[in-house]
Amino acid sequence: MEIRALREEDDRSRFHSGDPDLDRFFQRFAGQNQFKHYLGVTYVAVSEGAMLGFATVAPGHIEIDGLPASARKKLPRYPLPVLRLARLAVDQTARGRGLGRQLLRFVFRLAFLMASDYGCVGVVVDAKPDAMDFYRQYGFASIDVVKGQSDARPAPIPMFLDLRSIREALGARGG
Ligand SMILES: CC(C)(COP(=O)(O)OP(=O)(O)OC[C@H]1O[C@@H](n2cnc3c(N)ncnc32)[C@H](O)[C@@H]1OP(=O)(O)O)[C@@H](O)C(=O)NCCC(=O)NCCS
(Lines give C-alpha, C1' and ligand atoms only; values in the text may rest on other atoms or scores of the structure.)
Protein backbone atom coordinates (compact mmCIF):
# COMPACT_ATOMS: atom_id res chain seq x y z
CA MET A 1 0.00 0.00 0.00
CA GLU A 2 1.30 3.45 -0.85
CA ILE A 3 -0.04 6.92 -0.19
CA ARG A 4 0.59 9.38 -3.01
CA ALA A 5 -1.00 12.30 -4.83
CA LEU A 6 -3.94 11.50 -7.09
CA ARG A 7 -3.06 11.11 -10.78
CA GLU A 8 -5.36 12.02 -13.66
CA GLU A 9 -5.36 8.45 -14.95
CA ASP A 10 -6.38 6.90 -11.62
CA ASP A 11 -9.63 4.93 -11.79
CA ARG A 12 -11.80 6.33 -9.02
CA SER A 13 -15.06 4.76 -10.15
CA ARG A 14 -14.98 1.75 -7.84
CA PHE A 15 -14.43 3.61 -4.58
CA HIS A 16 -17.29 3.30 -2.08
CA SER A 17 -17.04 4.75 1.40
CA GLY A 18 -20.78 4.37 2.00
CA ASP A 19 -21.14 8.15 2.20
CA PRO A 20 -22.71 9.34 -1.10
CA ASP A 21 -21.34 12.89 -0.79
CA LEU A 22 -17.78 11.72 -0.24
CA ASP A 23 -18.01 9.16 -3.04
CA ARG A 24 -19.43 11.73 -5.46
CA PHE A 25 -16.71 14.19 -4.53
CA PHE A 26 -13.97 11.61 -5.07
CA GLN A 27 -15.35 10.24 -8.32
CA ARG A 28 -16.46 13.49 -9.95
CA PHE A 29 -14.75 16.50 -8.43
CA ALA A 30 -11.42 15.54 -6.84
CA GLY A 31 -9.71 15.40 -10.22
CA GLN A 32 -10.95 18.67 -11.67
CA ASN A 33 -10.41 20.47 -8.37
CA GLN A 34 -6.80 19.34 -8.39
CA PHE A 35 -5.79 19.38 -12.07
CA LYS A 36 -7.98 22.14 -13.48
CA HIS A 37 -8.82 24.57 -10.68
CA TYR A 38 -5.89 23.97 -8.28
CA LEU A 39 -8.21 24.16 -5.27
CA GLY A 40 -6.55 21.43 -3.28
CA VAL A 41 -4.77 18.10 -3.58
CA THR A 42 -6.16 14.63 -2.97
CA TYR A 43 -3.81 11.96 -1.65
CA VAL A 44 -4.84 8.37 -2.25
CA ALA A 45 -4.03 5.12 -0.49
CA VAL A 46 -3.48 2.63 -3.31
CA SER A 47 -2.93 -1.09 -3.30
CA GLU A 48 -2.46 -3.00 -6.56
CA GLY A 49 -4.22 -0.23 -8.46
CA ALA A 50 -7.24 -0.17 -6.13
CA MET A 51 -8.11 3.11 -4.41
CA LEU A 52 -8.63 2.19 -0.76
CA GLY A 53 -8.86 5.65 0.77
CA PHE A 54 -8.25 9.33 0.20
CA ALA A 55 -7.54 12.57 2.00
CA THR A 56 -8.08 15.97 0.38
CA VAL A 57 -6.19 18.97 1.70
CA ALA A 58 -5.98 22.67 0.93
CA PRO A 59 -4.29 25.60 2.59
CA GLY A 60 -6.56 27.82 4.64
CA HIS A 61 -6.57 30.27 7.46
CA ILE A 62 -8.24 30.60 10.80
CA GLU A 63 -9.15 33.57 12.96
CA ILE A 64 -7.52 33.42 16.35
CA ASP A 65 -10.83 33.92 18.17
CA GLY A 66 -11.93 30.52 16.92
CA LEU A 67 -9.04 28.70 18.56
CA PRO A 68 -9.17 27.02 21.96
CA ALA A 69 -7.64 29.30 24.65
CA SER A 70 -4.64 26.99 25.07
CA ALA A 71 -3.73 27.34 21.39
CA ARG A 72 -4.31 31.10 21.31
CA LYS A 73 -1.42 32.01 23.58
CA LYS A 74 1.11 34.45 22.15
CA LEU A 75 -0.33 34.25 18.65
CA PRO A 76 -0.98 37.46 16.72
CA ARG A 77 -4.52 38.58 15.87
CA TYR A 78 -4.27 38.40 12.10
CA PRO A 79 -5.51 35.31 10.20
CA LEU A 80 -3.32 32.29 10.89
CA PRO A 81 -2.27 29.77 8.22
CA VAL A 82 -3.57 26.22 8.58
CA LEU A 83 -3.73 23.08 6.51
CA ARG A 84 -7.34 22.16 5.98
CA LEU A 85 -8.29 18.50 5.82
CA ALA A 86 -11.34 18.94 3.64
CA ARG A 87 -12.26 15.27 3.18
CA LEU A 88 -11.13 11.88 4.40
CA ALA A 89 -12.65 8.53 3.58
CA VAL A 90 -11.73 4.85 3.51
CA ASP A 91 -13.39 2.29 1.23
CA GLN A 92 -15.89 0.11 3.05
CA THR A 93 -13.88 -3.00 2.22
CA ALA A 94 -10.76 -1.57 3.88
CA ARG A 95 -12.20 -0.15 7.10
CA GLY A 96 -10.81 -0.88 10.53
CA ARG A 97 -7.32 -1.78 9.35
CA GLY A 98 -5.58 1.44 10.30
CA LEU A 99 -5.87 3.11 6.91
CA GLY A 100 -7.72 6.15 8.24
CA ARG A 101 -4.98 6.57 10.82
CA GLN A 102 -2.26 6.26 8.17
CA LEU A 103 -3.94 8.85 5.96
CA LEU A 104 -4.26 11.21 8.91
CA ARG A 105 -0.60 10.76 9.79
CA PHE A 106 0.25 11.51 6.17
CA VAL A 107 -1.73 14.75 6.48
CA PHE A 108 0.17 15.53 9.70
CA ARG A 109 3.42 15.22 7.76
CA LEU A 110 2.08 17.59 5.09
CA ALA A 111 1.21 20.10 7.82
CA PHE A 112 4.68 19.72 9.27
CA LEU A 113 6.25 20.36 5.84
CA MET A 114 3.94 23.31 5.26
CA ALA A 115 4.99 24.72 8.63
CA SER A 116 8.66 24.56 7.77
CA ASP A 117 8.25 25.76 4.18
CA TYR A 118 5.44 28.33 4.33
CA GLY A 119 4.02 28.52 7.86
CA CYS A 120 1.18 26.53 9.41
CA VAL A 121 -0.18 26.61 12.96
CA GLY A 122 -2.13 23.35 12.73
CA VAL A 123 -4.73 21.25 10.93
CA VAL A 124 -8.41 22.11 10.69
CA VAL A 125 -10.83 19.37 9.76
CA ASP A 126 -14.50 19.70 8.88
CA ALA A 127 -15.57 16.64 10.83
CA LYS A 128 -18.74 14.76 10.16
CA PRO A 129 -20.57 14.34 13.49
CA ASP A 130 -20.09 10.54 13.34
CA ALA A 131 -16.35 10.96 12.88
CA MET A 132 -15.69 13.44 15.70
CA ASP A 133 -14.51 10.70 18.07
CA PHE A 134 -12.10 9.49 15.40
CA TYR A 135 -10.43 12.92 15.43
CA ARG A 136 -10.71 13.42 19.20
CA GLN A 137 -8.46 10.44 19.82
CA TYR A 138 -5.61 12.40 18.16
CA GLY A 139 -6.32 15.51 20.26
CA PHE A 140 -8.50 17.48 17.83
CA ALA A 141 -10.88 19.85 19.63
CA SER A 142 -13.98 21.62 18.30
CA ILE A 143 -13.57 25.23 17.34
CA ASP A 144 -16.11 27.98 16.84
CA VAL A 145 -15.65 29.71 13.56
CA VAL A 146 -14.09 28.80 10.27
CA LYS A 147 -14.91 30.88 7.24
CA GLY A 148 -16.02 29.16 4.09
CA GLN A 149 -17.74 26.14 5.64
CA SER A 150 -19.33 23.76 3.18
CA ASP A 151 -23.10 23.48 2.93
CA ALA A 152 -23.02 19.71 3.49
CA ARG A 153 -25.68 18.18 5.74
CA PRO A 154 -25.47 17.21 8.49
CA ALA A 155 -23.30 20.25 9.04
CA PRO A 156 -19.65 19.38 9.63
CA ILE A 157 -18.06 20.49 12.89
CA PRO A 158 -14.73 22.29 12.53
CA MET A 159 -12.01 20.77 14.72
CA PHE A 160 -8.41 21.90 15.23
CA LEU A 161 -5.10 20.29 16.19
CA ASP A 162 -2.11 22.55 16.78
CA LEU A 163 1.28 21.99 15.23
CA ARG A 164 2.95 21.17 18.52
CA SER A 165 0.59 18.23 19.04
CA ILE A 166 1.16 17.21 15.44
CA ARG A 167 4.91 17.29 15.94
CA GLU A 168 4.52 15.14 19.06
CA ALA A 169 2.29 12.70 17.18
CA LEU A 170 4.91 12.35 14.46
CA GLY A 171 7.96 12.22 16.69
CA ALA A 172 10.64 14.87 17.00
CA ARG A 173 11.85 14.71 13.39
CA GLY A 174 8.45 14.83 11.75
CA GLY A 175 8.61 11.27 10.41
C1 LIG B 1 -13.60 7.63 9.68
C2 LIG B 1 -12.81 6.68 8.74
C3 LIG B 1 -11.97 7.53 7.78
C4 LIG B 1 -11.89 5.80 9.59
O5 LIG B 1 -11.14 4.98 8.72
P6 LIG B 1 -10.62 3.51 9.18
O7 LIG B 1 -9.54 3.11 8.24
O8 LIG B 1 -11.76 2.59 9.33
O9 LIG B 1 -10.02 3.83 10.62
P10 LIG B 1 -8.76 3.12 11.32
O11 LIG B 1 -8.82 1.65 11.10
O12 LIG B 1 -7.51 3.81 10.91
O13 LIG B 1 -9.08 3.44 12.83
C14 LIG B 1 -8.15 4.05 13.70
C15 LIG B 1 -8.78 4.12 15.06
O16 LIG B 1 -9.94 4.97 15.00
C17 LIG B 1 -11.11 4.28 15.46
N18 LIG B 1 -12.24 4.75 14.65
C19 LIG B 1 -12.44 4.51 13.33
N20 LIG B 1 -13.56 5.15 12.93
C21 LIG B 1 -14.07 5.78 14.01
C22 LIG B 1 -15.22 6.61 14.22
N23 LIG B 1 -16.07 6.93 13.24
N24 LIG B 1 -15.41 7.09 15.48
C25 LIG B 1 -14.55 6.79 16.47
N26 LIG B 1 -13.45 6.01 16.33
C27 LIG B 1 -13.22 5.52 15.10
C28 LIG B 1 -10.78 2.82 15.26
O29 LIG B 1 -11.51 2.00 16.14
C30 LIG B 1 -9.30 2.78 15.57
O31 LIG B 1 -9.10 2.78 16.98
P32 LIG B 1 -7.95 1.87 17.67
O33 LIG B 1 -6.62 2.42 17.17
O34 LIG B 1 -8.16 2.08 19.12
O35 LIG B 1 -8.19 0.49 17.18
C36 LIG B 1 -13.75 5.74 7.95
O37 LIG B 1 -14.59 5.07 8.85
C38 LIG B 1 -14.64 6.44 6.92
O39 LIG B 1 -14.25 6.61 5.77
N40 LIG B 1 -15.87 6.81 7.33
C41 LIG B 1 -16.86 7.41 6.41
C42 LIG B 1 -16.44 8.79 5.99
C43 LIG B 1 -16.12 9.68 7.16
O44 LIG B 1 -16.81 9.75 8.16
N45 LIG B 1 -14.99 10.42 6.99
C46 LIG B 1 -14.55 11.40 7.93
C47 LIG B 1 -15.27 12.63 7.56
S48 LIG B 1 -14.58 14.05 8.20
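Please keep in mind throughout that the model is predicted.

I begin with helix H5, which runs over residues 163–170. Which residues of this helix are buried? They are Leu163, Ile166 and Leu170. These three cover an arc of only 55° around the axis, and therefore they lie on the same side of H5. The spacing is what one would look for in a helix: an α-helix has 3.6 residues a turn, so residues three or four places apart point the same way. On the face turned away from the buried side, H5 carries Arg164 and Glu168, which are exposed. As for what covers the buried residues of H5, the cover includes helix H3 (99–117), together with strand S5 (122–127) and strand S7 (157–162).

Asp162 caps the N-terminal end of H5, with a side-chain oxygen 3.0 Å from the backbone nitrogen of Arg164. After H5 comes Gly171, and the phi of Gly171 is positive, near 95°.

I turn now to the ligand. There are 20 residues around the ligand, and those that come nearest are Leu88, Gly98, Gly100, Arg101 and Gln137. A polar backbone atom of Gly100 is 2.8 Å from an oxygen atom of the ligand, and a polar side-chain atom of Arg101 lies 2.4 Å from an oxygen atom of the ligand. On its own the ligand has 900 Å² of accessible area, of which the protein covers 69%. Which elements give two or more residues to the shell around the ligand? They are strand S4 (80–90), H3, S5 and helix H4 (132–136). By class, that shell has nine nonpolar, seven charged and four polar residues.

Finally, I would draw attention to two loop residues. Tyr38 is placed in the loop between helix H1 (20–35) and strand S2 (41–47). The phi of Tyr38 is near 55°, a positive value in a residue other than glycine. Is Tyr38 buried or exposed? Tyr38 counts as exposed because its relative accessibility is 66%, and the cut-off for exposed is over 50%. Glu48 has its place in the loop between S2 and strand S3 (50–62). Its phi is near 50°, again positive in a residue other than glycine. With a relative accessibility of 84%, Glu48 counts as exposed.

Note on methods
Residues are numbered from 1 along each chain as its sequence is written. This is a predicted model: local features need pLDDT of at least 70, side-chain atom pairs count only at pLDDT 80 or more; totals for chains, interfaces and linings use all residues. Side-chain values use heavy atoms; hydrogens and water are left out. Buried means under 20% relative accessible area, exposed over 50%, partly exposed in between (1.4 Å probe, protein chains only). Helices (H or I, at least four residues) and strands (E, at least two) are DSSP runs, numbered from the N terminus. The arc is that of the directions from the helix axis to the C-beta atoms. Contact means heavy atoms within 4.5 Å. A polar contact is a pair of N or O atoms within 3.5 Å; within protein, one must be able to donate a hydrogen and the other to accept it, and residues adjacent in sequence count only if both atoms are side-chain atoms. A residue is near a molecule or strand if one of its heavy atoms lies within 4 Å of it. Accessible areas come from the Shrake-Rupley method with a 1.4 Å probe; for residues, only the protein chains shown count as cover. Ala, Val, Leu, Ile, Met, Phe, Trp, Tyr, Cys and Pro count as nonpolar, Asp, Glu, Lys and Arg as charged, and the others, Gly among them, as polar.
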